[in-house]
Amino acid sequence: MNATRSDVLILGGGVIGLACALYLLKAGAGVRVLEQGTPGCGSSHGNCGTITPSHAPPLAMPGVIGLALRSMLSADAPLYLNPRFDGPRLRWLLGFARHCNWRDFAAATTARAAILQRSRRLLATLVREEKLDCEFAEEGELYVYRTTQRQVADERNHAAVLERCGIEVQRLRGDEVEAMEPALKPGVVGGLFHPGDAWLRPDRYVAELARRVVELGGVIECGARIERFSTDQGRITRVHSSRGPFEGERIVMALGAWSPLLGRQLGLRLPMQPGKGYSLTYTRPARVPRHALVLREASVCVTTWASGYRLGSTMEFSGYAEGLNRRRLDALRRGAATGLHEPEGPELQEEWWGWRPMSVDEVPIIGPSTRWSNLTLATAHGVLGVSMSAATGELVASMLAGMASPIDATPYAPARFHL
């Protein structure tokens with residue numbers, strides 16, 4: 001069968017794949033995207049949509065492994081490690097544990113901060129210039145504390161770290177937080193406000209990226225499940241899918257949590273695991289937060305748009321187990337109820353779960369493969385795919401065009417894992 005050929009063939013039509021497609025089209029490349037479902041149907045769809053340079057510090061730090069092991073006894077813990085034996089997940093956890101030290105924490109924070117800050121600036125420009133209708137708001141994000149102990153810990157391991165990266169953090173008293181956010185119940189002891197953060201509605205953002213990709217001449221092949229690869233002399237010569245074979249002079253793997261599963265067919269052992277997240281989407285309550293919120297003790301993120309209201313977060317390591325975990329959804333509801341006068345909207349619109357693509361060092365994997373001469377990887381963005389999307393697209397486009405990188409790409413290189 002004859003294959004359809006493109007300058008660049010992008011595997012994956014989530015937020016990263018579509019951002020790469022848009023920047024490549026703007027650079028003059030011909031682009032085709034293969035998506036097994038519809039654009040943004042994976043973890044791009046139901047996350048909280050926050051754009052967060054404030055999330056530069058990674059999860060991996062001293063003490064986290066002990067917390068994860070204790071979580072096995074509580075299936076509704078914000079960070080939950082399923083005790084079921086799973087060989088690949090165990091290998092990933094052992095690798096993750098090796099990064100739970102202050103040296104690697106600092107290196108990951110620096111790398112994440114660079115791409116997050118670049119992407120934050122680019123996103124504002126992208127929304128404005130491409131006229132993306134996605135409810136983008138530059139109003140900052142507020143961390144809310146009801147215990148002094150948690151706030152003190154975050155000021156040490158979060159606020160001070162961000163300030164060293166040049167990311168502004170404002171320390172607030174409890175009464176100042178309650179004045180800023182009348183939607184909060186009394187009892188707040190303090191807050192950390194991140195004025196550089198923003199938010200948008202992620203499903204609309206992805207839909208708008210897809211619209212612009214098509215308008216600029218790109219092609220999105222929906223329902224194109226990747227089945228296998230043909231290779232020859234260090235190149236990927238053909239991608240076989242449920243919609244037929246495709247070829248690309250260059251190939252970009254932007255498959256999110258699916259990347260390690262497809263990567264195996266190419267002999268690539270991507271050190272990634274899916275981190276399962278959940279969200280609840282409602283119509284707007286009468287008394288809604290003015291800013292994006294993180295209720296720190298409950299680990300619940302709250303985002304409000306003109307079109308709706310969402311509770312989200314949690315991190316569950318259960319491998320590739322599908323489906324909703326009702327206990328974790330109930331934990332979101334309880335957590336929101338501890339902090340908000342109206343924790344839920346009048347109508348529940350969606351209960352959602354999705355897999356975040358978590359790398360073992362919590363730094364994305366972006367750059368040319370060391371094994372396949374025409375393959376570029378753009379994956380492993382963890383919980384920050386939306387936040388890092390614009391800078392990832394720009395970075396991939398500059399790499400494929402042979403142009404100078406807008407940021408130092410060394411920390412993201414696949415070569416660090418011999419990929």
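In which helix do Trp102 and Phe105 both lie, and how many residues apart are they? Select helix H5, residues 102-129, in this predicted model. Trp102 and Phe105 both belong to helix H5, with a spacing of three residues, about one turn of the helix.

**First stop: the pair in helix H5**

Eight aromatic pairs are counted in the model. For the pair of Trp102 and Phe105, the ring centres are 5.3 Å apart and the planes stand at 90 degrees; planes over 60 degrees apart count as edge-to-face, so this pair is edge-to-face. Display the surface next: Trp102 is partly exposed, at a relative accessible area of 44%, whereas Phe105 is buried, at 4%.

**Second stop: Trp258 and Tyr320**

Now select Trp258 and Tyr320, whose ring centres lie 6.4 Å apart with the planes at 35 degrees, so the pair is tilted. This pair links distant parts of the chain, its residues being 62 apart. Trp258 is found in the loop between strand E12 (244-253) and helix H9 (259-263), and Tyr320 in the loop between strand E16 (308-317) and helix H10 (326-339). Trp258 is partly exposed, with a relative accessible area of 34%; Tyr320 is also partly exposed, with a value of 26%.

Terms used:
Residues numbered from 1 in each chain as written. Predicted model: local features only at pLDDT ≥ 70, side-chain atom pairs only at ≥ 80, totals over all residues. Heavy atoms only, no water. Phe/Tyr/Trp six-rings, centres within 6.5 Å; stacked < 30°, edge-to-face > 60°. Helix = DSSP H or I, 4+ residues; strand = E, 2+ residues; numbered from the N terminus. Buried < 20%, exposed > 50% of the residue type's maximum accessible area, 1.4 Å probe, protein only.
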